[in-house]
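Colleague: Hi! Could you walk me through this one?
Modeller: Happy to, have a look first.

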Amino acid sequence: MIPNIWCPGCGNGIVLNCFVHALDELQTDLDKLVVVSGIGCIGRTAGYTNTDSFHTTHGRALAFASGVKLANPELQVVVVSGDGDLFAIGGNHFIHAARRNMGIKVICVNNFNYGMTGGQQGPTTPLEAFTTTSPYGNIEHPFNLVHLAAASGAVYVARWTTLHVRRLTQSIKKVLQKEGFCFIEVVSPCPEIFGRYNKMRSGLEMMEWFKKASSVESFSDPAKAEITLDRIVVGEFVDVEKLSYEKLLHEKISQINEKALEQVG
Amino acid sequence: MTGKRALLTGAHFLNGDVACAEGAIAAGCRFFAGYPITPATEIAEHLSQRMPEFGGIYVQMEDEIASMAAVIGASYAGLKAMTATSGPGFSLMQENIGLAVMTEAPCVVVDIMRGGPSTGQPTLPGQQDVMQAKWGSHGDYGIIALSPSSVQEMFDLTIEAFNLSETYRVPTLLMGDEIVAHMWEKVVIPSAEGIRTVNRKKPNVPRDKYMPFMPDDDLVPPMACFGEGYRFHATGLTHNEQGYPQTSSSEVQSRLVRRLCEKISQNEDKIVRVERVTLEDADVVVVAYGIVARAALSAVRKARASGIKAGLLRLITLWPFPEKQVAEIAGRAKAIVVPEMNCGQLVREVERAAKETPVAFLSKLGEDPHTPMEILEVIRRNC
């Protein structure tokens, strides 16, 4: 369903591009890939991939994806969604999917606000930033998504901006080959809406901010991986091995049935 | 009970929740996602033990919203899937019941009704969710809801619910109550060969020609599942037959939503089931469902014994509402009596179908259901 609905200067196209390149470079079997997204601008991604795809209710992409992955563990399940979808309305599903180590790969596009509805304050809006619902400056402390993901149990956690296209593509390739719950945050420009209220009216200005502020500090403490006007800490923060939920579950099911067969025998 | 990986064929003494769980297994359900809630928890507990024995999935989610979402995901991945809950959880599920309706995901939702609103009475029966079953999610849609009156029906109608959901690609609701769920009764479980199960129809067109929401003559589209190579898209947004969003077209919205309603209403004759007891010459007809229908049957028999021409129309299907069946008896009867464990819900549907025939409503809240004598008293007053 191209052309897409996204605004000029939006970073979503870059993220989709990196995702598609990663799939291509890995020669992923597209018949066995399911792309799931929630509601919001980036939520439309599911409709732009030539794979099985599902556009869920707001916030529920991970809960839906959990059902898919458990029902058919052979499928590669990727959730592409936004910061509001995954961490405000869907925050509970996020921490529990991560805690269970459900074999889902999450690409979260963080644009600091609710773009689809016209730019409201959200769970990642920086302190003092202006949005249509924080006209006097935001007084809510934002989530540090990589810290939250790491603390919740994700086996892979990374943050990049849309400026880091090669590293982002490498990260996506890495998670597509990794077992368990993986999380990539992509800091992305929303010049038409977030930028407009915060003195960065073009995509280029926002990308210049990313260039000036970002610093690659891989495997530094995700708790200290800040995102401010002056500093955006990017990199890989977590990369560990842990048995996934679906593997543990299906091993358990096999054990139960072997035991049953012995009893019958 | 016999061993693993086998239906419990034979006669058993079970409670309704366990009978429902066994019915799900017999129907071919291989995915259950849920969240603990009284009085439906035993369904989850039993399936956490039984599902793995059949290679099926049991998962406890973080809430009922997630449970319903996971059920839809599993359904799209090709499994027959179910969740079970009670009022508060049923409220949380409404959002994704709407998603299941919109994306035509076959699935079964069991609601063991307790007293509401809000947290209400977790351990007491109610029939207060029957309108929510029809209208709980926003927008217009058709849905199927069944009402078991016995532990045997908790088994039988769970299978029926799966068959209907697979046939019509619609979430199908089993509206039990605390009593049928917790009561212990004899249940006869047939052999696997003796149980009719239905599977969703699959596409028979080449993969590149497949349109996921193009209906057949019965208004139900064949369903491909994830991983089968069809590479299709589904969305909760208003979508065209190809599955892609088309949210500004009144034509697409009208075509889609009317079909979602009509695939149920036009197949009503095939879906609706009622039980008729001594209706042929009845002057007074009790219309009842669920556990209340048991007391109603007793009341009707007592009335007959005392010379009153009474009958019972037991609604097994609540939605689509058995309008024709009620209209038919209303044409002959002098009065209709509707006992319900709520402040008056399905009685309004009965009144609408009964037209001129007077309808007496007997409400009961917050305690045991109606006694036969209470219903008999109203029969007497209306004969």
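Colleague: Which residue stands opposite A:S53 in β10(B)?
Modeller: A:S53 stands opposite B:H233 there. Before we go on, this is a predicted model: local features need pLDDT of at least 70, side-chain atom pairs count only at pLDDT 80 or more, and totals for chains, interfaces and linings use all residues. Residues are numbered from 1 along each chain as its sequence is written, while chains are lettered from A and ligands numbered from 1 in the order in which they are written.

Colleague: And how many bridges join β2(A) to β10(B)?
Modeller: Three bridges, and the two strands run parallel. Strands pair if DSSP finds at least two bridges between them. The strands themselves are DSSP runs (E, at least two residues), as are helices (H or I, at least four), numbered from the N terminus.

Colleague: How many residues of each chain are in contact?
Modeller: 38 residues of chain A are in contact with 40 residues of chain B. In contact means that their C-beta atoms, placed from the backbone, lie within 7 Å. On the chain A side, β2 (52–55), α2 (61–71), α4 (91–100) and α9 (245–264) each supply at least two residues. That side divides into 17 nonpolar, 15 polar and six charged residues. Here Ala, Val, Leu, Ile, Met, Phe, Trp, Tyr, Cys and Pro count as nonpolar, Asp, Glu, Lys and Arg as charged, and the others, Gly among them, as polar.

Colleague: What ipTM does the predictor give the complex?
Modeller: The ipTM is 0.97, and the pTM is 0.97. Chain B averages a pLDDT of 97, with 99% of its residues scoring at least 70. pLDDT is the predictor's confidence in each residue, from 0 to 100. Within chain B, β6(B) has the lowest confidence, at a mean of 95, and β7(B) the highest, at 99.

Colleague: Switching to chain B on its own, how is it divided?
Modeller: Into domain 1 (10–194) and domain 2 (275–382), with bounds that come from an automatic or database domain assignment. Their C-alpha centres lie 26 Å apart. The contact between them takes 22 residues from domain 1 of chain B and 20 residues from domain 2.

Colleague: Which element gives the most to the domain 1 side of that contact?
Modeller: α5(B), with four residues. The residues on that side of domain 1 of chain B divide into twelve nonpolar, eight polar and two charged.

Colleague: Is β4(B) buried or exposed?
Modeller: Mostly covered: six of the six residues of β4(B), residues 80–85, are buried. Buried means that 20 or more other C-beta atoms lie within 10 Å of the residue's own (exposed is 12 or fewer, partly exposed in between; C-beta atoms are placed from the backbone).

Colleague: Which residues sit on each side of β4(B)?
Modeller: B:K80, B:M82 and B:A84 are on one side, and B:A81, B:T83 and B:T85 on the other. In a regular strand the side chains alternate between the two faces of the sheet.

Colleague: What does β4(B) pair with?
Modeller: Strand β2 of chain B (residues 29–34) pairs with β4(B) in the parallel sense over three bridges, and B:C29 stands opposite B:K80. β4(B) also pairs with β5(B), residues 107–115, in the parallel sense over four bridges, where B:A84 stands opposite B:V110.

Colleague: Last one: why is β8(A) largely enclosed by the rest of the structure?
Modeller: Because six of its eight residues are buried. Four bridges join β5(A) to β8(A), and these strands run antiparallel.

Methods:
Contact = placed C-beta atoms within 7 Å.
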